[in-house]
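The sequence and model come first.

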Amino acid sequence: MKKTVSDLGAGAYLLMHGHKVAGRRGKDFIFEVNEQEEQEFEQRKLEYLSSEFHRFDSYIMSLKKIGEYNPS
């Protein structure tokens, strides 16, 4: 079966834990998941939200939003 994830950080986290990416559609990453993996896949998606990886990704996104510093 195919499962989609739209968050880049969550997709990378799932990839790090052995799930296989089948492709991409727009902003969605498509994973090929068999029935035995489905519960683990869903658990990993939730696990990502409270992981250090999510925190790191959040800091990176914050840094990207900072404008360039131009001292006078």
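Ring pairs link Tyr-13, Tyr-48 and Phe-53 into a cluster. The model is predicted, so local features need pLDDT of at least 70 and side-chain atom pairs pLDDT 80 or more, while totals for chains, interfaces and linings use all residues. Residues are numbered from 1 along each chain as its sequence is written, and side-chain values use heavy atoms, with hydrogens and water left out.

**Aromatic residues**

Rings of Phe, Tyr and Trp (its six-membered ring) count as a pair if their centres lie within 6.5 Å; planes under 30 degrees apart are stacked, over 60 edge-to-face, and the rest tilted. By this rule there are 3 aromatic pairs. One of them, Tyr-13 with Tyr-48, is tilted, at 5.4 Å centre to centre and 50° between the planes. Because Tyr-13 lies in helix α1 (residues 8-16) and Tyr-48 in helix α2 (residues 35-49), this pair ties together parts that are 35 residues apart in sequence. Helices (H or I, at least four residues) and strands (E, at least two) are DSSP runs, numbered from the N terminus.

The table gives relative accessibility; buried means under 20% relative accessible area, exposed over 50%, and partly exposed in between (1.4 Å probe, protein chains only).

| Residue | Relative accessibility | Class |
|---|---|---|
| Tyr-13 | 5% | buried |
| Tyr-48 | 2% | buried |
| Arg-24 | 56% | exposed |

**Strands**

In a regular strand the side chains alternate between the two faces of the sheet. Strands pair if DSSP finds at least two bridges between them; β1 and strand β3 (residues 28-32) do so in the antiparallel sense, over 4 bridges. Thr-4 has Ile-30 of β3 as its bridge partner.

Ile-30 is also in contact (heavy atoms within 4.5 Å) with Arg-24, as is Phe-29, leaving aside neighbours of Arg-24 within four places in sequence. Arg-24 belongs to strand β2 (residues 20-25). A polar atom of the Arg-24 side chain lies 3.0 Å from the backbone oxygen of Gly-26. From Arg-24 to Thr-4, 20 residues apart in sequence, the C-alpha to C-alpha distance is 8.7 Å.

**Helix α3**

At the start of α3, a side-chain oxygen of Ser-51 comes within 3.3 Å of the backbone nitrogen of Phe-53.

Notes:
A polar contact is a pair of N or O atoms within 3.5 Å; within protein, one must be able to donate a hydrogen and the other to accept it, and residues adjacent in sequence count only if both atoms are side-chain atoms.
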